[in-house]
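Please look over the sequence and the model shown here before reading the notes that follow.

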Amino acid sequence: MAKILLVEDNSNYRKYMQNLLLQNGHSVDSVAGPIEGLEYFELNEYDLVISDLLMEAMDGVKFLSFIKRRNSKIPTMILTGNPSDTTQLQALDIYVDKYLSKDIK
């Protein structure tokens, strides 16, 4: 199926999402932060990039804006435990394809 880059700083949620994606037949590279995510993106080809919104080094909107500059056609998704209209509008401004609230486990 799809090759996915997952960028999530919460290790428990990252493992949960990685397992869910793997169970559905996807290939997943999962990393803990946006800097590592950018490095992986430069070295590999992905069908989808999924990012957490709130991360230490930079937020998901800024991270995905770098991704979209490198490849404007790649589908992107932001997951957040704290959705807001402001961040959703910021995500739409950089053409993020999906902005979703996390299913906290």
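Which residue lies over the face of Tyr 46? Lys 3 does, at 5.4 Å from the ring centre, where a charge is taken to sit over a ring if NZ of Lys or CZ of Arg is within 6 Å of the ring centre and within 35 degrees of the ring normal. The model is predicted, so local features need pLDDT of at least 70 and side-chain atom pairs count only at pLDDT 80 or more, while totals for chains, interfaces and linings use all residues. Residues are numbered from 1 along each chain as its sequence is written, and side-chain values use heavy atoms, with hydrogens and water left out.

**Aromatic pairs**

- The structure holds two aromatic pairs, a pair being rings of Phe, Tyr and Trp (its six-membered ring) whose centres lie within 6.5 Å, with planes under 30 degrees apart counted as stacked, over 60 as edge-to-face and the rest as tilted.
- Tyr 13 and Tyr 16 form a tilted pair, with 5.7 Å from centre to centre and 45 degrees between the planes.
- Both of these tyrosines, Tyr 13 and Tyr 16, belong to helix H1 (residues 11-23), where they are three residues apart, about one turn of the helix; helices (H or I, at least four residues) and strands (E, at least two) are DSSP runs, numbered from the N terminus.
- Tyr 13 is buried at a relative accessible area of 8%, whereas Tyr 16 is partly exposed at 27%; buried means under 20% relative accessible area, exposed over 50% and partly exposed in between (1.4 Å probe, protein chains only).
- The rings of Phe 41 and Tyr 46 are stacked, because their centres are 6.4 Å apart and their planes lie at 15 degrees.
- Phe 41 is buried at 9% relative accessibility, and Tyr 46 is buried at 8%.

**A charge over Tyr 13**

- The charged end of Lys 102 is placed over the ring of Tyr 13, at 4.8 Å from the ring centre.

**Strand S1 and its partners**

- Strand S1 (residues 3-7) is mostly covered, with four of its five residues buried.
- S1 runs parallel to strand S2 (residues 27-31), to which five bridges join it, and Ile 4 has Val 28 as its bridge partner in S2; strands count as paired if DSSP finds at least two bridges between them.
- From S1 the chain crosses through H1 to S2 in a right-handed β-α-β crossover, meaning that, with the strands pointing away from the viewer, the path from the first strand over the helix to the second runs clockwise.
- S1 is also joined by four bridges to strand S3 (residues 48-52), again in parallel, and Leu 6 has Ile 50 as its bridge partner in S3.
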